[in-house]
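Please look over the sequence and the model below. Then read this short report beside them.

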Amino acid sequence: MVEPQIRMLVVFYSRTGSVEALAVAAGEAARAAGAEVRLRRAREVASDEDMAKVEGWREEADRQNALYPEPTHEDAEWADAILFGTPSYFGAPATELKNFLDRLGPQWKRGTLSGKVGGAFAAASWPHGGSEVVTLALYAPMAHLGMVILPTGYTDEAMLEAGSPYGASTIVGAKKGKPRQEDLNAARHQGRHTVAIARALVVADEMPSRTKAKTS
């Protein structure tokens with residue numbers, strides 16, 4: 001039996017590049033596991049005036065936006081699995097990512113994301129900066145959308161060295177440093193693990209969007 005190719009969407013917001021690095025690591029591991037992957041960056045909602053007040057914000061946004069398209073409703077419906085990535089701002093997800101989620105009302109109404117596998121990863125400046133809280137906060141909209149929420153648990157040794165049982169994460173410090181290799185390994189495991197579970201659901205005909213497409 002030929003295994004189905006899994007479609008994964010990694011949608012994230014990253015201001016300094018740390019969440020981007022986790023997203024790229026998860027996406028690369030998912031591709032290595034046989035998935036087709038789309039990396040998408042949520043766009044700024046702040047004004048140019050506000051962005052200009054933070055050194056490097058505009059330049060970093062322009063760099064990332066040139067690399068990653070803006071996420072769309074079509075991306076979400078296309079995917080079998082979706083990973084959401086965000087920095088922690090006062091213990092809450094970035095407004096930019098939340099804006100994308102808030103606009104999934106049509107998909108919620110039609111149930112088109114029901115049964116898709118969902119997970120989350122995060123970054124924070126400090127060890128108690130809210131990365132776990134933010135990851136758990138993203139579970140709520142996934143539940144409303146009917147997604148199958150997939151925490152990483154301790155399903156790989158990588159999760160004993162970094163991240164949390166809820167999802168990959170990184171602590172970047174005051175200078176917004178790059179994620180450690182341990183953090184990237186946790187993100188890679190999350191990408192692989194998500195693909196494996198999504199594939200199992202598709203093979204078992206338990207992915208409603210795939211089953212509907214086969215019978216329509």
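A pocket is found on a 1 Å grid over the protein atoms alone: it is an open set of points with protein on both sides within 12 Å along at least five of seven lines, and its lining residues have an atom within 4 Å of a point. This is a predicted model, in which local features need pLDDT of at least 70, side-chain atom pairs count only at pLDDT 80 or more, and totals for chains, interfaces and linings use all residues. Residues are numbered from 1 along each chain as its sequence is written, and side-chain values use heavy atoms, with hydrogens and water left out.

**The second largest pocket**

Eleven residues line the second largest pocket. Thr16, Gly17, Ser18, Lys178 and Pro179 lie nearest its centre. Two elements, H1 and helix H3 (57–67), each give two or more residues to this lining. Helices (H or I, at least four residues) and strands (E, at least two) are DSSP runs, numbered from the N terminus. H1 supplies the largest share of the lining, three residues.

The pocket has a volume of about 150 Å³. A volume here is the space filled by probe spheres set on the grid points, which are joined across faces, edges and corners. What classes of residue make up the lining? Two are nonpolar, four are polar and five are charged. Asp, Glu, Lys and Arg count as charged; Ala, Val, Leu, Ile, Met, Phe, Trp, Tyr, Cys and Pro count as nonpolar; the others, Gly among them, count as polar.

**Helix H1**

H1 covers residues 18–32, which makes 15 residues. From first C-alpha to last it reaches 22 Å, close to the 21 Å expected at 1.5 Å a residue. That expected span is 1.5 Å times one less than the number of residues.

Buried means under 20% relative accessible area, exposed over 50%, and partly exposed in between (1.4 Å probe, protein chains only). The buried residues of H1 include Ser18, Leu22, Ala26 and Ala29. An α-helix has 3.6 residues a turn, so residues three or four places apart point the same way. Ala32 also belongs to H1, but Ala32 is exposed. Ala32 and Ser209 are 177 residues apart in sequence and 24 Å apart in space, C-alpha to C-alpha. After H1 comes Gly34, with a positive phi near 100°.

Strand E1 (residues 7–12) and E2 run parallel, joined by six bridges. Two strands pair if DSSP finds at least two bridges between them. Val11 stands opposite Arg40 in E2. The chain crosses from E1 through H1 to E2, and this β-α-β crossover is right-handed. Right-handed means that, with the strands pointing away from the viewer, the path from the first strand over the helix to the second runs clockwise.

E1 also pairs with strand E3 (residues 81–89), again parallel, over five bridges. Here Leu9 stands opposite Ile82. Is E1 enclosed or open? Five of its six residues are buried, so E1 is largely enclosed by the rest of the structure. Five of the six residues of E2 (residues 36–41) are buried too, so E2 is likewise largely enclosed.

Phe90 lies in the loop between E3 and strand E4 (92–93). Asp205 sits in the loop between helix H8 (181–203) and helix H9 (208–215).

Key:
On a 1 Å grid over the protein atoms alone, a cavity is a set of points where a 1.4 Å probe fits but cannot get out, and a pocket is an open set with protein on both sides within 12 Å along at least five of seven lines; lining residues have an atom within 4 Å of a point.
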